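Let's take a walk through this structure together, one stop at a time.

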Amino acid sequence: MHRTILTFQNTRNVIKADQLLAHHGIRARIIPVPEHISSECGMCIETTPENTLAIQSLLTENHVQFTIQQW
Amino acid sequence: MNRYFDNGSTSFPKPSQVADAIHHYLTHMGGTYGRSAYQRVYEATAMVETCRDALAHRMGTARAENIAFCSNATMAINTVIKGLPLTGKRVWVSPLEHNAVMRPLWELAKHGIINIHTLPAWPDGTININALSNIDLSNTGLIVVNHQSNVNGIIQPVETIAQWAGKVPLLVDGSQSVGHLPIHLDQWGIDYFAFTGHKGLLGPSGTGGFFAKHPETLVPLIHGGTGSRSDSYDMPLDVPDRFQAGTPNITGICGLLAALQHFPQPRHTHADLLHLMNAIAQLPGYKVWGANNPIEQGALFSITHHRMTPSDMADKLYRHFGIEVRQGLHCAPAAHRHLGSFPNGTLRIAPSPYHTSDDLEFLLKSLTELSSIQ
């Protein structure tokens, strides 16, 4: 497993999540949504596996719905 | 001297930062909303969401995602009216509704889809709260109330009306109130609230939208691409995407955000406005159309003259004093019928925060001299 991707229901949630992660010093980057995980044409967030727990906690706490994809 | 008194139609001037922000977007920033992932798109998308957050703060709701952008309040109102299951239902309206409400309702009524009823009101159009308890709300699909009249500026007690409405959906048309009055959507329990960006908020035209407390109750008016759930022909269920098909007016929203962030300190007080209204009412031949109770008076009002028609007055004010105002029915024939100013309508005085008390005095002096001009 070497990639961790967060996908969201809509773009607003991507922005909210990215701003929350940046505010808490969690490294992440915005990337186009890979076709094999979704047919979206927008953006998602890539981070590293060690951040997964912190991100889950932070986004859930702030009511930002998301899905984590790892492979 | 600021001689533009047509801010009920559209505001002018805007904060200088509005044009700066639009220029910056068009010349340097660029980028669409949420359709790719490079920095330019991210910044444009984040800007749109910052504007949505700023609007939510301004309108007193913690649910920014429940605010959808539209091209104007008319489209927002159409989205709500045509998105609700109103077939066979009654719709109650205030007597001061704008055609942005009355025309979509009439379109449904003339095809036998709904029945329109008018809420009981006082002569100035303020809803008679005491009489509401006599109304049978059974089989009612919607109640619509213009928060601040675009004709006489009266402010409706929407919080009290929302309490009375209970579970019956309430749509508040905030076209004239937002930017001028404090708005507390969550506290007041408003179901749907339509707003525009180019009047009281001092943003550019082509911006506006609506708040929906329960967006799942509305069928989208416009269908199309959202950059999300693109594998499906169905519109997404989640907000704001559900109501935002197509590329939004990013340029306009950029300007609207700048307006929200740089809103000017008002240069005249509400007392100055009331003083102007009282002074005009004292002038021979003039009648002022406003709220009976000064507490319920919003940021605009109308006048008529016993000899000059509204169009005569508007023409003379412009030619002799350079004063710009709107005359006629203001797209609100229902309001004029209720007030008794139909069919000629009125001349509307709609100041902005940029008017000083000296500007208001100039208007008063011009109206004083106007009646002696042949």
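The lining of the second largest pocket is made up of eight nonpolar, eight polar and one charged residues; here Ala, Val, Leu, Ile, Met, Phe, Trp, Tyr, Cys and Pro count as nonpolar, Asp, Glu, Lys and Arg as charged, and the others, Gly among them, as polar. This pocket holds about 320 Å³ of space, and of its 17 lining residues, B:H180, B:P266, B:H268, B:H270 and B:A299 are the closest to its centre.

A word on the basis: this is a predicted model, in which local features need pLDDT of at least 70 and side-chain atom pairs count only at pLDDT 80 or more, while totals for chains, interfaces and linings use all residues. Residues are numbered from 1 along each chain as its sequence is written, chains are lettered from A and ligands numbered from 1 in the order in which they are written, and side-chain values use heavy atoms, with hydrogens and water left out.

Now turn to where the chains meet. Here, 16 residues of chain A are in contact (heavy atoms within 4.5 Å) with 23 residues of chain B. Three salt bridges (a side-chain nitrogen of Lys or Arg within 4 Å of a carboxyl oxygen of Asp or Glu) cross this interface. B:D53 and A:K16 join their side chains in a salt bridge, at 2.3 Å from N to O. By class, the side of chain A that touches chain B has six nonpolar, six polar and four charged residues.

Note on methods: 1 Å grid on protein atoms, 1.4 Å probe; cavity = no way out; pocket = protein on both sides within 12 Å on 5 of 7 lines; lining within 4 Å. Points joined across faces, edges and corners; volume = space filled by probe spheres on them.
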